[in-house]
Every structure is written in structure tokens, then in C-alpha cells.
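The structure is shown first, and the points follow by topic.

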Amino acid sequence: PMISVQGSSKELEKLVSILMENAIKYSIAPRRIELKEDECGMPAPPVIHVSFNKEGKNAVLRIYNRTENELTNESLSHVFERFYREDSSRNSETGGHGIGLSMASAIVKAHGGEISAKTTDGHDFIVTASIPLN
């Protein structure tokens, strides 16, 4: 509550959409839920954590997902570059054009903010977008 930023609602919605789509696309593949014989099995969705908080003078959106392929903070330093694809996890088999995260970066910067990506264990992907509060 009471978190307000000034900017384009259309662009900020696009930012959230890009980051969520990226988290879903590169999350660990869904697995089957074990059920009794007479029940219909459904794939379990990937686990994605989203937080939106006030931190100091910024509104901070953080999106976390697990990946199958190992990531390094060095490789993640390039994910906001246009057309960049990590060889092992961002190849053309996943679809897309390699511009989503660069678009997210442009939106955040146009709103006076900062965006970053990191991993703490090589299999978590954490994107943090910080935009100044109103």
C-alpha cells in the first residue's frame, strides 16, 4: 500500500509483463504431480517469487525463478544487452528474439530507475527493478 511512482502505466505494465514472461520461460520445466490412479495428473507450475516493496526512496520490484542451466553473475551482466543470449540457457530453441530484457531495461531507465540481475547459487535468477517513488 501507498507505493506510487510517476510514469507511463502502459510502459510499467509492459515491464512487469516482460519480467514475468522471462521468469516463466526460463524456469525449471514443470514436473508431474504424483496422484492416485483414479486422479488426473497436472503439471506443477514453475515456482516464481514476486515482491514489490518500498525501499528507501524507491519502489522495488524483484522477480525470482530457478533455472535448469547454470548461470554466472558474469553472464548475467550482459542479459540487458539487445539480442544477448546466454549460450546454454538462452538459445534460439526457447523462442523470442533476445530483446525482452533490453526493453525492460529501457523502460526502467526511462522512469529514472535501475535494473539488475544476479544469481546467488548459479540456479536462481533474480531481477531487481528499482524506480524512484513519487
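The second largest pocket holds about 160 Å³ of space. It belongs to a predicted model, in which the mean pLDDT of the chain is 85. The lining of this pocket has nine nonpolar residues and neither polar nor charged ones.

**Second largest pocket**
- The lining consists of Val5, Leu12, Leu15, Val16, Phe52, Ala59, Leu61, Ala129 and Ile131.
- At least two lining residues come from each of helix 1, strand 4 (58-66) and strand 6.
- Helix 1 makes the greatest contribution to the lining, with three residues.

**Helix 3**
- Helix 3 spans residues 100-110, and its buried residues are Leu101, Ser102, Ala104, Ser105, Ile107 and Val108.
- An α-helix has 3.6 residues a turn, so residues three or four places apart point the same way.
- The buried residues of helix 3 pack against helix 1 (9-25), strand 5 (114-118) and strand 6 (124-132).
- Helix 1 and strand 6, both packing partners of the buried residues of helix 3, also supply residues to the lining of the second largest pocket.
- After helix 3 comes Gly112, which has a positive phi near 80°.

**Confidence**
- A pLDDT of 70 or more is reached by 76% of the residues of the chain.
- Residues 88-92 have a pLDDT below 50, and this stretch has 15 contacts in the model beyond near neighbours in sequence.
- Where pLDDT is low, the predicted coordinates should not be read in detail.

Key:
Residues are numbered from 1 along each chain as its sequence is written. This is a predicted model: local features need pLDDT of at least 70, side-chain atom pairs count only at pLDDT 80 or more; totals for chains, interfaces and linings use all residues. Side-chain values use heavy atoms; hydrogens and water are left out. Buried means under 20% relative accessible area, exposed over 50%, partly exposed in between (1.4 Å probe, protein chains only). Helices (H or I, at least four residues) and strands (E, at least two) are DSSP runs, numbered from the N terminus. Contact means heavy atoms within 4.5 Å. pLDDT is the predictor's confidence in each residue, from 0 to 100. On a 1 Å grid over the protein atoms alone, a cavity is a set of points where a 1.4 Å probe fits but cannot get out, and a pocket is an open set with protein on both sides within 12 Å along at least five of seven lines; lining residues have an atom within 4 Å of a point. Grid points are joined across faces, edges and corners, and a volume is the space filled by probe spheres set on the points. Ala, Val, Leu, Ile, Met, Phe, Trp, Tyr, Cys and Pro count as nonpolar, Asp, Glu, Lys and Arg as charged, and the others, Gly among them, as polar.
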